[in-house]
Amino acid sequence: MSAGSRGVSPYVVAIRLARGDGSAPPRLGVVASRKIGGAVQRSRAKRLLREAYRRGRRPSGDLVLIARRGIHEASWTSLVRAYRNAVGMAAGGRRPRRKPGRQGPGGTGQRA
């Protein structure tokens, strides 16, 4: 996993590793630690991430999705948006666009 490219969003971390041979189908790994909650919350988080993968963009190569805290409280649309951002960063290295009018922590438009 250290050799892969990483994308981070509020509800999911995506790690992508491109494999050399293009003949093998892409693989998916889904992880939810005990920080997420009990067994029911962890299973739900993994099901949600698998469904987002099934419906969304599937990058070539292997993909590991790691659920983050708060995923079980997220709406479906915000979870899909977080998945797309994380996978996009892991696949192409792009950062998600900021919404117009949003500024950094100090309100000056610059990072602190």
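Predicted model: local features only at pLDDT ≥ 70, side-chain atom pairs only at ≥ 80, totals over all residues.
Residues are numbered from 1 along each chain as its sequence is written, and side-chain values use heavy atoms, with hydrogens and water left out.

Let me start with the sheet. There is an open sheet of four strands in the order S1-S2-S4-S3, with mixed pairing, where strands are DSSP runs of E with at least two residues, helices are runs of H or I with at least four, and both are numbered from the N terminus. Two strands count as paired if DSSP finds at least two bridges between them. S1 and S3 are the edge strands, each pairing on one side only, and the twist from one strand to the next averages 15 degrees. S1 and S2 run antiparallel and are joined by four bridges; to give an example, arginine 6 has isoleucine 15 in S2 as its bridge partner. Helix H1 packs on this sheet, touching S2, S3 and S4, and its direction makes about 140 degrees with that of S4. Contact here means heavy atoms within 4.5 Å, while axes are lines fitted to C-alpha atoms, for helices over the stretch in contact, with angles running from 0 to 180 degrees between N-to-C directions.

Now to the other helix, H2. Its 17 residues, at 1.5 Å a residue, should span 24 Å, and the end C-alpha atoms are 24 Å apart, which agrees; the expected span is 1.5 Å times one less than the number of residues. Buried residues of H2 include Leu79, Val80, Tyr83 and Val87, where buried means under 20% relative accessible area, exposed means over 50%, and partly exposed lies in between, using a 1.4 Å probe and protein chains only. The buried residues of H2 pack against strand S1 (5-8), S2, H1 and S4.

That brings us to the interior. A nonpolar core is a set of buried Ala, Val, Leu, Ile, Met, Phe, Trp, Tyr and Cys residues joined through side-chain atoms within 4.5 Å. The largest one has 20 residues, and among those with the most contacts inside it are Leu49, Leu63 and Tyr83. Strand S2 (12-17), helix H1 (39-55), strand S4 (62-67) and helix H2 (76-92) each supply at least two of its residues, with the largest share, six residues, coming from H2. Leucine 63, leaving aside its neighbours within four places in sequence, is in contact with residues including Ala14, Tyr53, Tyr83 and Val87.

How many salt bridges does a search of the whole structure find? It finds three, a salt bridge being a side-chain nitrogen of Lys or Arg within 4 Å of a carboxyl oxygen of Asp or Glu. In one of them, aspartate 62 meets arginine 27 at 2.8 Å, N to O; this pair links distant parts of the chain, 35 residues apart, with aspartate 62 in strand S4 and arginine 27 in the loop between S2 and strand S3 (28-31). Aspartate 62 is buried, at a relative accessible area of 11%.

Glutamate 51 takes part in a salt bridge with arginine 54 (2.6 Å, N to O), and arginine 55 also forms one with glutamate 51, at 2.8 Å between the closest N and O atoms. These bridges share partners and join Glu51, Arg54 and Arg55 into one network. Glutamate 51 is partly exposed at 23%, and arginine 55 is exposed at 58%.
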